[in-house]
Amino acid sequence: MEKKNLDWANIGFGYRKTDKRYVANFKDGKWDNGALIDDDMITMSECACVLQYAQTCFEGLKAYTTEDGKIVCFRPDLNAQRMSDTCKRLEMPQLSVEQFVEGVKAVVKANEAYVPPFGSGATLYIRPYMFGINPVIGVKPATEYQFRIFSTPVGPYFKGDAKPITIKVSDFDRAAPHGTGHVKAGLNYAMSLHAIVTAHAEGYDENLYLDPATRTKVEETGGANFIFITKDNKVVTPKSDSILPSITRRSLMTVAKDYLGLEVEQREVYLDELKDFAECCLCGTAAVVTPVGKIVDHGKDICFPSGMEKMGPITKKLYDTLTGIQMCKIEAPEGWICEIK
Ligand SMILES: *Cc1c(COP(=O)(O)O)cnc(C)c1O
């Protein structure tokens, strides 16, 4: 298999069309078997439910080339399960875990030429998504849906060579209590766009969203969960019903406990205790593990002792161990690595 001649090291986090994508259709109460197709365009009614009422959800995962040339992906069954949970909340039909994972494998195999080589720093980002496609004008769920998976080679989400980023405490809220913050609905991102454009215009890399009910507790950013390290090396992550259950974060908590022997804790984290932590990072498929150097709360700087030049020592250990597992350099817990080729 001849790899595409791309500048893998400088590829950036953007969309680049690849050769094949997976499509399955839901009609008359059931999913068809799905197939790989060439056409990257979608034709639908002007009144499709997704266009009028944003009935759409998505997932994101990556495929990696290992040192010995295998292609693997990381815990795709958890993405499948999470998409099912999202579909339930959005009145969309669930797809079986098996069909989801088979679709992911088929897309990666068919686009093998775009899977970045080992050591390039790039990966193949895989985007499964589903949307209501038939015309709907009264507010109700669609009856016909399309599930698709495309893939695109990507570099790091935050540029700057793993340099710590600066985050702003947002004046906007991300997810209401009892709302949709815990599921991967497109609508959660639509409402975050104004907030991220505002933060970027002010010179920040990301937003920290607070819990909307009291605005005293840390939730997450627009697309990644938080992890904090205490001065005595305890790994703490915020607990809330409106945080998206990041697979990266859940994996890192296991890594911290079982691989690094650290104490881990999921609990409510208050804004006014951030100044006491030693390190902070963001985690997610796109962010991987991104160190946070500074959080700015309305003119007040909260600077972590790890500084603005490099990852804190525990963050670095988390990053090295997780990426080592993903690239098959470190033995993974049972079931974490899905071998594709
Ligand atoms: C997707 C997402 C994450 C990260 O989840 P992973 O499973 O680790 O990729 C975190 N927060 C939000 C809001 C997300 O949409």
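A: **Domains and helix pairs**

The C-alpha centres of domain 1 and domain 2 lie 26 Å apart. Domain 1 spans 8–154 and domain 2 spans 165–326; these bounds come from an automatic or database domain assignment. The model is predicted: local features need pLDDT of at least 70, side-chain atom pairs count only at pLDDT 80 or more, and totals for chains, interfaces and linings use all residues. Numbering runs from 1 along each chain as its sequence is written, and side-chain values use heavy atoms, without hydrogens or water.

Start with the interface. Here 20 residues of domain 1 contact 22 residues of domain 2 (contact: heavy atoms within 4.5 Å). The two domains bury about 1,700 Å² between them, 65% of it on carbon and sulfur atoms. Buried area is the accessible area (1.4 Å probe) lost on putting two parts together, summed over both. In domain 1, Phe-58, Phe-74 and Arg-82 lose the most area to domain 2, together 37% of what that side buries.

Now the helices. They are DSSP runs (H or I, at least four residues), numbered from the N terminus. Helix α2 (76–89) packs on helix α3 (97–110) at about 130°, axes 9 Å apart. Axes are lines fitted to C-alpha atoms over the stretch in contact, and angles between N-to-C directions run from 0 to 180 degrees. That makes α2 oblique to α3 (under 35 degrees is roughly parallel, over 145 roughly antiparallel, 65 to 115 roughly perpendicular, the rest oblique). Pro-76, Asp-77, Asn-79, Ala-80, Gln-81 and Met-83 of α2 contact Val-97, Phe-100 and Val-101 of α3. By class, that is 6 nonpolar, 2 polar and 1 charged residues (nonpolar: Ala, Val, Leu, Ile, Met, Phe, Trp, Tyr, Cys, Pro; charged: Asp, Glu, Lys, Arg; polar: the others, Gly among them).

Next, α6 (247–259) and α7 (313–326). They pack at about 105°, axes 10 Å apart. That makes α6 roughly perpendicular to α7. Thr-248, Ser-251, Leu-252, Val-255, Ala-256 and Tyr-259 in α6 meet Leu-318, Thr-321, Leu-322 and Ile-325 in α7. This contact has 7 nonpolar, 3 polar and no charged residues.

Conventions. Helix = DSSP H or I, 4+ residues; strand = E, 2+ residues; numbered from the N terminus.
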